[in-house]
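Please load the model in your viewer and keep the sequence panel open beside it.

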Amino acid sequence: MSAGPIRSTVIAFCANERRIRNRIECDGPHHVSILSLRIEIFPQGSMASRWTMSYLPDMQRLIGSHLSIAGGYYKAADAAGALGMATVQIFTKSSNQWRGKPLTDEDVRLFQEAVVRNNLQQPCAHDSYLINLGSMNDELWHKSIEAFVVELERAETLGLVGLVTHPGAAGESEEEDALARVVEAFNIINSRTAGFRVQTWIEATAGQGSTLGYRFEHLAYIINESQDPDRFGVCVDTCHIFAAGYPLGTPAEYAATFQEFDDVVGLDQIRAFHLNDSKKPLASRVDRHDHIGEGMLGLEPFRHLMNDSRFAHLPMYLETKKEERDGEEMDAVNLRTLLGLIR
Ligand SMILES: [Zn+2]
């Protein structure tokens, strides 16, 4: 063999074969996450004479969806894998009931095996919609605290990294009083779950009705006033912040909105995104999710987001309607739309 540089072929591929079908050829620099890497080195003059790499766009961004646990927690993880997704969000119990069946060791084992089998990163949960930690009604407030502790326990046991929660609703009371009540509740919750690894991700909301969390200031207040700010992060929902009045369309609007977020909360507090288009206009304060690019947001905000290197490492979960179009799951369509925006 002659001296000189060895020319190589590098083939990067994912251990989960089902992801291959979502492979898109791309060129130019990208942030690439690769779960497994096979390197084959051929001597000079062999048929492989240049570097090539197959990027896996779904691994470049941790895009997933909220998926059903009907039939077992592992079903959501397997469904995410089958869709070519890199992460998943679940309810750990029915979202509109206070009580849930206790988790069994079998539930946990099957779920965790499915997470590994499907190479999912940063799986998370969303809490029940019944919980209101801002309530002035003592009975509901205490019930909400108990329920949130259980939500955290279940998420921790399943090995989830975050529990997304809407911060509560003020009802008839003043927002400031309700926000103080939320902080008080979290102080109790966090002391009762000391040492947990799962974080509470406060979600930015649309501000429908008397819902808290539609101003970035609300999120900052809850985190900063709590005794354990390290237990929190923020989940930014594109539909919600737009409906709450933060524009995202033009590059300038997108930049200004995240500059404001940085000034008020800090970009380093963002742990996750919810990717949803909005059926309702800017500042409508109405929370109606639409498929990506088909609502009042359109594609541009998602193009900015998918190419924003500051958020490239963060999980992003779709919460769009489960339905089919031309025989294809809309989760798959929305995923393809998002991946197609990556430059
Ligand atoms: Zn959301």
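**A strand pair to begin**

Select Val-234 and then Ile-270, its bridge partner in strand E9. This is a predicted model, in which local features need pLDDT of at least 70, side-chain atom pairs count only at pLDDT 80 or more, and totals for chains, interfaces and linings use all residues. Residues are numbered from 1 along each chain as its sequence is written. Helices (H or I, at least four residues) and strands (E, at least two) are DSSP runs, numbered from the N terminus.

Within E9, Ala-272 stands opposite Cys-235.

A residue is buried if 20 or more other C-beta atoms, placed from the backbone, lie within 10 Å of its own. His-274 is found opposite Tyr-317 of E12.

**The barrel**

Which strands close into a barrel? Eight do, in the order E3-E4-E5-E6-E7-E8-E9-E12, with parallel pairing; two strands pair if DSSP finds at least two bridges between them. From one strand to the next, the twist averages 30 degrees. Angles run from 0 to 180 degrees between N-to-C directions, and axes are lines fitted to C-alpha atoms, for helices over the stretch in contact.

Select helix H10 (residues 330-339), which lies across E3 (62-66), E9 and E12 and runs at about 155 degrees to E3.

**The nonpolar core**

Select Ala-77, Leu-163 and Val-234, the residues with the most contacts inside the largest nonpolar core, which has 81 residues. Such a core is a set of buried Ala, Val, Leu, Ile, Met, Phe, Trp, Tyr and Cys residues joined through C-beta atoms within 7 Å. Around Ala-77, the residues touched include Val-88, Phe-111 and Leu-120, not counting residues up to four places away in sequence.

**Two crossing helices**

Finally, select helices H5 (residues 175-192) and H6 (residues 216-225), whose axes come within 9 Å and cross at roughly 40 degrees. The contact is made by Leu-179, Val-182, Val-183 and Phe-186 of H5 with His-218, Tyr-221, Ile-222 and Glu-225 of H6. Residues are in contact if their C-beta atoms, placed from the backbone, lie within 7 Å.

Methods:
Contact = placed C-beta atoms within 7 Å. Buried ≥ 20, exposed ≤ 12 C-beta atoms within 10 Å, placed from the backbone.
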